Amino acid sequence: NTLLSTQARAAVGLSLHNALVVIDEAHNVPEALRGLSSSRLTLPIIKAATEQLTAYTRKYASRLAGRNLFYLGQIRRCLTAMTKYLGKKPAVVGTSTSPQSNTTSKMMSGTELLFAMRLDNLNLFKILRYLERSRLSQKLLGFTNHDKRNADDEPNGDEDGDDPDFVSKHVSAMSIVQTFLSCLTGSHREGKVVVEWPDEDSADIRSRGASRHPTFRYVLLNPAAHFTDVLDEAYAVVLAGGTLRPFSHVAAELVASTGRDADIIVAASKAEANAASSQDSSIASITTDIT
């Protein structure tokens, strides 16, 4: 996972420049990329981030520059819009309801979600750049933990780790919001947002361990978009494994965004045909020797 994540490589100082990258069991790479690049954001996390941001701004407003207050206001506007959107369960029109889980869901692109929340006039790239440079999520986490210690509150333990809605006290709620916002900056071909409104009173949801709260889920559909940086930085990438067939399917999933989709898929199909022909010839030779 460290190899596939740009942020993880930068954090540990790993550079792929002019390196020969060999990936074993490469058939697992598309699913690993989907897991790394997907995100889940629940309503309680959004509310927690809003409360932390409000308390932080109230305490340090007199010390903050106007630029900081401007971006904090835009972040608060995003949180308020998401809270309002998840807090209002839509009508049946344009949504789907699963009879097994009693969950109403709606799928859309990131751009469509921003328009639905009336956040289309905000520049998410500038907001994300501010969040990264200011390290706001770390500041809010330290500020919140400090306030809890001063108030003699008992820290929340980690005994509810099996709860799908559980968030450790060592994880900043704003960092989860930041991850979801970064997912919304991708193109509509990279992934989709699934909005879910579960029935909190459903016994089936409680028994299955599913989330009991309205949730945003970003699902990556095109892992090739997040594999391109590995291909661009490395000198060469070797995909190895015993279950890579069909080659064309793996090629389409991992290198389809390079602009040479047709050439790569044709080359992969030819390689697979040659491999099959060589295998058949080897089997025929062995059979002849035996007989």
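Reply: Buried means under 20% relative accessible area, and exposed means over 50%. The model is a predicted one.

Me: Which residues of helix H6 are buried, and within what arc do they fall?
Reply: Helix H6 covers residues 124-134. Its buried residues are Leu-124, Ile-127, Leu-128, Tyr-130, Leu-131 and Ser-134. Viewed down the axis of H6, these buried residues line one face of the helix, because they fall within an arc of 155°.

Me: Which residues are exposed on the other side of H6?
Reply: The buried residues of H6 include Leu-128 and Ser-134. On the other side of H6, the exposed residues are Phe-125, Glu-132 and Arg-133.

Me: Which residue follows H6, and what is its phi?
Reply: The residue after H6 is Arg-135. Its phi is positive, near 55°.

Me: How do H4 and H6 pack, and what is the hand of their crossing?
Reply: Helix H4 spans residues 66-87. The axes of H4 and H6 are 11 Å apart, at an angle of about 115°. The crossing of H4 past H6 is left-handed.

Me: Which residues make that contact, and how many are nonpolar, polar and charged?
Reply: H4 contributes Arg-67, Asn-68, Tyr-71, Leu-72, Gln-74, Ile-75 and Cys-78. H6 contributes Lys-126, Ile-127, Tyr-130 and Leu-131, and of these Ile-127, Tyr-130 and Leu-131 are among the buried residues of H6. By class, the contact has two charged, two polar and seven nonpolar residues.

Me: Is Ser-172 buried or exposed, and which residues does it touch?
Reply: Ser-172 sits in the loop between helix H7 (136-150) and helix H8 (173-183). Its relative accessibility is 6%, so it counts as buried. Its side chain reaches the backbone nitrogen of Met-174 at 3.3 Å. Not counting residues up to four places away in sequence, Ser-172 touches Ser-137 and Leu-141.

Me: Which residues is Tyr-56 in contact with, and what separates its C-alpha atom from that of Phe-143?
Reply: Tyr-56 lies in helix H3, residues 43-60, and is buried because its relative accessible area is 12%. Neighbours within four places in sequence aside, its contacts are Leu-136, Lys-139, Leu-140 and Phe-143. Tyr-56 and Phe-143 are 87 residues apart along the chain, and their C-alpha atoms are separated by 7.3 Å.

Key. Residues numbered from 1 in each chain as written. Predicted model: local features only at pLDDT ≥ 70, side-chain atom pairs only at ≥ 80, totals over all residues. Heavy atoms only, no water. Buried < 20%, exposed > 50% of the residue type's maximum accessible area, 1.4 Å probe, protein only. Helix = DSSP H or I, 4+ residues; strand = E, 2+ residues; numbered from the N terminus. Arc of directions from axis to C-beta. Polar contact = N/O pair within 3.5 Å; in protein donor to acceptor, adjacent residues only side chain to side chain. Contact = heavy atoms within 4.5 Å. Axes fitted to C-alpha atoms, helices over the stretch in contact; angles between N-to-C directions. Left-handed = near helix turned anticlockwise from the far one by under 90°. Nonpolar A, V, L, I, M, F, W, Y, C, P; charged D, E, K, R; others polar.
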